Amino acid sequence: MSNEICLIVQLLSKNQRSRCPAGSPCRMGKKVKKEAEPPPKDVFDPLTVESKKVATVVLMLNSPEEEILAKACEAIYRFALKGEENKATLLELGAVEPLTKLLTHEDKIVRRNATMIFGILASNNDVKKLLRELDVVNSVIARLAPEEEVVIHEFASLCLANMSVEYTSKVQIFEQGGLEPLIRLLSSPDPDVKKNSIECIYNLVQDFQCRATLQELNAIPPILDLLKSEYPIIQLLALKTLGVITNDKVSRAMLRENQGVDQLIKILETKELNDLHIEALSVVANCIEDMDTMVLIQQTGGLKKLLSFAENSTIPEIQKNAARAIAKAAYDAENRKLFHELEVEKCLVSLLGSENDGTKIAASQAISAMCENSGSKEFFNNQGIPQLIQLLKSDSEEVREAAALALANLTTGNPANAKAAAEGDGVDALINTLSSKRDGAIANAATVLTNMAMQEPLRLGIQSHDVMHALLGPLHSANTIVQSKAALTVAATACDAEARTELRNAGGLEPLVELLRSKNEEVRRNASWAVMVCAGDEPMAVELCRLGALEILEEINVSVSRKNKFSEAAYNKLLNNYLSLKYSQTGYLSSSNIISDGFYDYGRINPGTKLLPLKDLCLQEPSDQRAILLINSRSSDVSPPPSTEDKSSDVGYGRSISSSSSLRRASKEKTNFHFSAGFGSPTEEKSEPTSGRNTAVSKSTTKEKGSRKGRGKKEEEKVKEEEEVAAAPKLTGEGSLEKEWFPPSDPDFCVYVYEVTKSILPITNIKEQIEVLAKYVAEKMGGKIPKEKLQDFSWELHISELKFQLKSNVVPIGLIKKGIFYHRALLFKALADKIGVGCSLVRGEYGRAWNEVKLMSESRKGVIGALPPLEVYIVDLMFHPGSLINQPTDFFSPLLWQALPKFEFAYKQTLRHSYYGEPEKKKELDVEKRKGEKNYRSADIFSVLP
């Protein structure tokens, strides 16, 4: 049985010796018959013991007698050689602890036998763990001393080789100085000592610190000498060690200086050493990274040899290492040129079809390197790209990553290759790769998609494969390279409104905006680029601003170190496509900022304040804040289209009767209406109000009704009007209850657009167009206002009535029939944009606004030569509608506005309290109003105007 041990030991006393008793014949010189002598009384008689139990022998390890210890160790060594089970038995019996003491025993035989046991036992994982705990490494290293026997060297190095497999033991060996004696033993005459030593060194140099120390100890020459050994295992371990240490530049230089490259080439040229070619190629691949070594390999014909191995070998590992060497060599332009002349591309394409994943990866990496050569790039257009696309479908993540890298390099700056990849059914494979577990594969796949999207037909194909949903994962990645490439792909693919909408619906805007906060410069730059592209239309710009993109970009652009051209461009793009916010923040719209339907003037807001969307503002209850002016020329489902055949008797251009005119009639008669949240037609309010405020208003309205019964308004006409108005909601109520929200309609503004398009657009003179349009705007907003009667122009009351009737702070611009500076300026800008007249809109202080136009000076007309600069004129819409003022300094005189704030405040407070149930304060505020009017007149603020 394996757990039995046979040990025969003869136990003798040290004091045992031969003695002649007194009076014996030998003392007397007479020959007599020799008799057996009895043993001395103080001497233990020899005892021969035969033991078949290992436990008994383990107990003998504590004996003080060298011979017993030596024989017990010898028996345990033979027992341990029989298998792993016996090693575990010795561990259980506690043999390791006493054996560690014997490593430093004075007797050489005991010390040798104990070392032999540890050389065998150290291959057991549990024994290794106990040896680390007992800290026996130092004792084992001591056995490598030159004065020790070769056998001790053999088994001590074997013990260290077994222990160095684990990191903790590796650290102990290195820290206790084990590397130096191991390097010395590489020159031992015993092949087993060499083998064990180089194996231990190979394990140790996996750690960078050990590699650095190896260079200091000049270990390269003795390792190279092992390549000449007659034992293949020693040569193989030496090559593996060189394969690790040549990852460091200093070691590569030492290898070159010691003619190591020549030895490697000789091994590759020797067919009998084909079992070493794999590792030799690995070392050569590392050495090629050094330019000096590269030149040396070129001179010795090593590059052609590499290509030969890659083409002709049938061993996958040899092909893999040869391809790795080609890949590293191809980073040099001269080598790429040489490889191209040798048609290395054909070899690499054939390697892509290998069954070995390592070979596929190495070939893909070599193709990536060869892409720097334009000729190679063209070759792979027809051969290589289809194979790489197939590799994208591999089960191996490493293979997919390498194939994606090759495709990324092939398609960068090469539209033909990008088209070939798309035609080779690469889009599906690339989009699937975006969900890979490896960041490199994701980043490379995103790069290929970006390269493809540079061509519009390919971009449309990518968009049809739901790329925006696939990009969500990369946009949420924690890897900055993946984030950067994903943002760049968004910038390349979100050029169309449909794609941007898809990205928004997929929830891609939120992570994209978050990337603007990145500390990585490239991520910030590409995210800014993507935001700039996504802000290509107003809905997307509004959504991006809602998510905080504008504030983040503003913060970035303030920083000198963080801002970039794309962040500045993205900021401007957001504002230019969200003109409502731009005008509220900057107070300026240029002639290139074309007002579109849905624009609203909220008034000035402070930096950092978010502008609520129009829908939210429409749903708010009316308050005493400034009216929000809305521009909307879209026709409503309820309101009929403008008709030019209407028989209305309005002065000027003739207006069609619309729901807004019905509203005004209802307003004149104080009929109590309210508007739905979507600003449909008004509906008659029930007689029982639901709030105290509405109760007060209802009472006052009832009184006014009673007082007007005798004023010529027939009851039948009144009822008819109310029925017409009340019938309108029936049209809007048809269909689904949850209809898409639309901004409030403005039929009057639609009429304005129609009229100016018909009457002003045909005018050929730009100045005349401006003058006529200014008069038109002034007429629709209450006409010309003399300066001295401005204070009597009760526009605030009119606006407050509209807000009250609409039950909202949002007032469509067409409903306003009494407007001052900022109402008229906005209407002028909106209509001018509709007919293509360039003008800017500027907000001043205290609610003032004006329009600026650029015209050629009359004095410069007809002058031959360079085109003179255009002069800026301000359009007068109030006092002399149609006049153009070309002296802005006079128009913006401080006297112009200094008397207005107090008067406006008092007047607005009067209106607010009269409309919202606080009439008791009206008298007090009237006093303030009169004072304000007096100051207003005395300032003579409009005297500067022509």
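These are my notebook entries on a predicted model of one chain.

**Entry: the whole chain**

I began with the overall counts. The chain has 52 helices and twelve strands. I then looked up burial, and of the 946 residues 51% count as buried. For the surface, I noted that the chain exposes about 45600 Å².

Among contacts between residues at least 6 apart in sequence, 70% join residues at least 24 apart.

**Entry: a sheet of three strands**

Next I looked up a sheet. In what order do the three strands of this open sheet stand? I read the order as S4-S5-S8, with mixed pairing. Strand S4 (599–601) and strand S8 (810–812) are at the edges, and each has a single partner strand, so one side of each lacks a neighbour in the sheet. From one strand to the next, the twist averages 30°.

I took the two pairings in turn. S4 and strand S5 (residues 628–631) run antiparallel and are joined by three bridges. I noted two of the bridge partners in S5: Ile631 for Phe599, and Leu629 for Asp601. On the other pairing, S5 and S8 are parallel, again over three bridges. There I found Leu630 opposite Pro812 in S8.

Then I asked which way the residues of S5 point. Ile628 and Leu630 point one way from the strand, while Leu629 and Ile631 point the other way. I recorded all of these as buried.

**Entry: helix H23**

I turned to helix H23 (residues 344–351) to see how far it is covered. Six of its eight residues are buried, so the helix is largely enclosed by the rest of the structure. I listed the buried ones as Val344, Glu345, Cys347, Leu348, Val349 and Leu351.

**Entry: helices H9 and H12**

I looked at helix H9 (residues 150–163) and helix H12 (residues 191–204), whose axes come within 8 Å and cross at roughly 25°. H9 and H12 are therefore roughly parallel to each other, as angles under 35 degrees count as such. I noted the crossing of H9 and H12 as left-handed. On the H9 side, the contact is made by Val150, His153, Glu154, Ser157, Leu158, Leu160 and Ala161. On the H12 side, I listed Asp192, Val193, Asn196, Ser197, Glu199, Cys200 and Asn203.

An α-helix has 3.6 residues a turn, so residues three or four places apart point the same way.

**Entry: helices H30 and H34**

My last pair was helix H30 (residues 439–453) and helix H34 (residues 480–493). The axes of H30 and H34 come within 9 Å, and the crossing angle is roughly 20°. H30 and H34 are therefore roughly parallel to each other. Is their crossing left-handed or right-handed? I recorded the crossing of H30 and H34 as left-handed. H30 makes the contact through Asp439, Ile442, Ala443, Ala446, Thr447, Leu449, Thr450 and Ala453. From H34, I noted Ile481, Val482, Lys485, Ala486, Leu488, Thr489, Ala492 and Thr493.

Technical notes. Residues are numbered from 1 along each chain as its sequence is written. This is a predicted model: local features need pLDDT of at least 70, side-chain atom pairs count only at pLDDT 80 or more; totals for chains, interfaces and linings use all residues. Side-chain values use heavy atoms; hydrogens and water are left out. Two strands pair if DSSP finds at least two bridges between them. Helices (H or I, at least four residues) and strands (E, at least two) are DSSP runs, numbered from the N terminus. Axes are lines fitted to C-alpha atoms, for helices over the stretch in contact, and angles run from 0 to 180 degrees between N-to-C directions. Buried means under 20% relative accessible area, exposed over 50%, partly exposed in between (1.4 Å probe, protein chains only). Contact means heavy atoms within 4.5 Å. Accessible areas come from the Shrake-Rupley method with a 1.4 Å probe; for residues, only the protein chains shown count as cover. Angles under 35 degrees count as roughly parallel, over 145 as roughly antiparallel, 65 to 115 as roughly perpendicular and the rest as oblique. A crossing is left-handed if the near helix is turned anticlockwise from the far one by less than a right angle, and right-handed if clockwise.
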